[in-house]
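Below are some notes on the model for your review. They are set out as numbered points.

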Amino acid sequence: SRYDKGWIGRYDPETGEYKMDQIALPYSGTAIWLMIHPTGKYMYITFSGKHIIMRSNYDEEKKTFTTPYLVCGKYETSGWEDGVGGNARVKTPVQGTFVKNPEYAGKEDQYDYYFCDKENHCIRILTPDGKINTFAGRPNGNGTPGYNDGALRTESRFKQPVCIVYDEERESFFIGDTGNFRIRKIALEE
């Protein structure tokens, strides 16, 4: 992506061709993170400085992603609020990961999107129908940073988590908790 131009480019490994401005983004000058859905049917684009997450669907005919549209948050309005779409509030959303949810078996989209909400000091979930829930950490209007293990919503604390991965085999999350200088693990007790 081009920070200064607000573009996402595309590299074609078969032809070696690179198209710089394949997808024009509505904003420039903000850090973004891209996460392509495991099926390849769409991707989420996280605009951390704008406090939103957008979605871009994959166009099979044109072999490219379409113009992004808002799925959660409100442009330049930070905060913490679980909710649906534009009624949810996030504060500096960053990197995320898709996790298959067995409750969605047989549905078109079977994955939740877990992402780090850096300045709210928590981990959030975005469901396929656009609902945001807080998964771990205990944010309030300003976020509650700290370091504590324990029950995900009532005791655990993070300080500026920025990256998250899911280990499907071990059913565990690993979180880069930058403010605490640690890699944290979320899993069932062993």
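1. Asp177 belongs to strand S14, which covers residues 172–177; strands are DSSP runs of E of at least two residues, numbered from the N terminus. Its relative accessibility is 0%, so Asp177 is classed as buried (under 20% relative accessible area, with exposed over 50% and partly exposed in between; 1.4 Å probe, protein chains only).

2. This is a predicted model, in which local features need pLDDT of at least 70 and side-chain atom pairs count only at pLDDT 80 or more, while totals for chains, interfaces and linings use all residues. Residues are numbered from 1 along each chain as its sequence is written, and side-chain values use heavy atoms, with hydrogens and water left out.

3. Neighbours within four places in sequence aside, Asp177 has contacts (heavy atoms within 4.5 Å) with Arg157, Phe158, Lys159, Gln160, Pro161, Arg182 and Arg184.

4. Ala151 sits in the loop that runs between strand S12 (131–136) and strand S13 (161–167). Ala151 counts as partly exposed because its relative accessibility is 37%.

5. Six bridges join S9 to strand S10 (residues 111–117) in the antiparallel sense. Lys100 has Tyr111 of S10 as its bridge partner.

Technical notes:
Helices (H or I, at least four residues) and strands (E, at least two) are DSSP runs, numbered from the N terminus. Two strands pair if DSSP finds at least two bridges between them.
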